[in-house]
Amino acid sequence: YDSDSFMFGGVSATYLNNFTNKKTGDKYYYELGKVRGFRDKEYTVGTNIFGAQIWNYDYDKTPVTEINGYVKPTSLVQVTINDNEPVKLSTYAGYYTLKDMNITGDVGYIKIEEINEDGSIEVVKEEKRSLYGDRPLALERQSSIYAGVWGYQNRLFREGANIYRGFNKKVTAGAEYKYGVKDNITFNTKLTADNIYEKNQSSVYYHIPTNDALLVTGTQKNVNYQEGVTSLSGIEYVHKKDKNFKLSGLGGASVARDIREDSTKMGWTLRGTAEYSKSLEKHGWKFFKPRNASIKIDGYHSSQDFYIASSDTTSKPDRTGGKAQGSFSFNSTSVSGGYNKYYSNTNHRYEGGTIGFDEYNIGASSKIPYVGTARFNIFHKRGSNELGRNKNYNYDAGLTRSLWRGATLYAGHRQSVYDTNYKEETSMNKDYYL
């Protein structure tokens with residue numbers, strides 16, 4: 001690889017624009033180059049491709065207080081928020097801004113009108129906004145599609161190919177549809193597909209993971225050697241009276257082929273989530289001032305052959321378990337943590353039987369007056385099956401203090417531990433057995 005010590009890494013770019021259908025008045029947005037793909041809480045697809053994407057909704061709406069624009073220099077602007085009385089704004093050479101408006105609560109409707117010098121009124125902007133986060137309104141339909149190539153790491157015209165040689169090249173496409181059943185209930189479905197059209201230049205072989213690797217990560221699938229079709233559908237619910245309470249459910253199925261095995265298999269997945277967050281600023285005492293608290297609970301299952309087409313990272317199917325996580329903040333202190341219990345290799349595809357995992361994490365930070373900001377983080381994971389067990393953890397503790405002219409002092413300690421023990425000695429685990 002001496003000849004590739006220095007090389008041009010390629011071109012990665014994104015072009016974003018929009019157009020309006022003159023017949024229907026519908027507005028469409030499109031992106032060329034490195035596209036946005038589909039992103040949600042559980043899965044991210046289509047973000048590592050070079051291609052094109054188009055959608056019919058504004059996913060990045062301007063915050064109300066940042067809305068501004070121009071009208072005629074002699075005009076005034078009238079703004080209506082929700083069902084409140086209209087507010088008239090003065091303009092400067094025709095420029096207006098909502099920056100200084102006193103807006104409280106969520107904004108579900110906004111209307112901006114231009115009052116001309118002769119008293120006539122023209123609508124500048126009028127739109128409804130969801131009161132329940134980034135989701136469609138009741139009966140509203142949002143859709144998006146993309147198509148492109150995978151395996152070029154979002155770059156074209158690269159010099160040299162050594163760092164890309166391990167990637168197969170895929171053509172991939174996806175479609176997403178969102179429907180507002182009600183303002184607070186959203187149905188979402190995705191369909192993605194990919195197909196390998198050019199194999200990499202390295203030898204294709206199937207690597208059987210060692211038990212040591214299985215006890216650390218569980219079973220995995222390398223998406224580089226997979227191709228197939230995936231369907232994911234889910235529903236999200238936000239409580240009308242308390243928008244901090246949310247429920248969601250997801251189900252999916254896939255048909256995929258591993259080119260190393262030359263076999264096609266079906267897979268499926270299910271997930272349910274409940275979450276709640278609460279502002280506690282109204283419940284403070286003299287010396288104890290709570291700020292926020294949150295909790296989230298997940299239950300999930302994915303079969304051993306489930307595959308997410310057009311995905312970007314190593315796939316982790318064959319998981320059955322539950323997870324709980326929460327956070328709490330008060331004064332200048334924040335604490336968070338979570339516990340995840342799950343099982344892998346449940347079909348006993350690999351030696352050793354079902355693998356049970358326990359993992360937890362704790363994080364805390366606090367600002368100490370006249371001293372600095374102290375923090376502590378720990379992650380612990382344990383995996384075990386009939387052959388043995390592995391436990392690994394890492395933690396770090398530190399103190400940060402700002403000095404002068406942007407200088408920062410940091411002092412701390414980090415430590416990691418990796419320990420594997422087996423019940424019987426074999427050629428694969430010599431020196432590690434109990």
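Residues are numbered from 1 along each chain as its sequence is written, and side-chain values use heavy atoms, with hydrogens and water left out. Because the model is predicted, local features need pLDDT of at least 70 and side-chain atom pairs count only at pLDDT 80 or more, while totals for chains, interfaces and linings use all residues.

**Overall build**

The protein contains one helix and 24 strands; these are DSSP runs numbered from the N terminus, with helices (H or I) of at least four residues and strands (E) of at least two. Its C-alpha trace spans about 90 × 60 × 50 Å along the principal axes. Of the 434 residues, 35% are buried. Buried means under 20% relative accessible area, exposed means over 50%, and partly exposed lies in between (1.4 Å probe, protein chains only).

Strand β10 (residues 109-115) is mostly covered, with five of its seven residues buried. Two strands pair if DSSP finds at least two bridges between them, and the table lists two pairings of β10.

| Partner of β10 | Bridges | Direction |
|---|---|---|
| β7 (residues 76-81) | six bridges | antiparallel |
| β11 (residues 121-128) | seven bridges | antiparallel |

Val 79 stands opposite Ile 112 of β10, and Ile 115 has Ile 121 in β11 as its bridge partner. The hairpin of β10 and β11 has five residues between the strands, and there Gly 119 takes a positive phi near 95°.

**A surface patch**

Ile 368, Tyr 370, Val 371 and Leu 399 form a nonpolar patch on the surface, with about 410 Å² of accessible area together. Such patches join nonpolar side chains (Val, Leu, Ile, Met, Phe, Trp, Tyr) within 5 Å, from residues with over 30% relative accessible area and no salt bridge, meaning a side-chain nitrogen of Lys or Arg within 4 Å of a carboxyl oxygen of Asp or Glu. Areas come from the Shrake-Rupley method with a 1.4 Å probe. Ile 368 lies in strand β21 (residues 355-368) and counts as partly exposed because its relative accessibility is 36%.

Definitions and conventions
Patches are made of residues with over 30% relative accessible area and no salt bridge: like charges are joined within 9 Å, nonpolar side chains (Val, Leu, Ile, Met, Phe, Trp, Tyr) within 5 Å.
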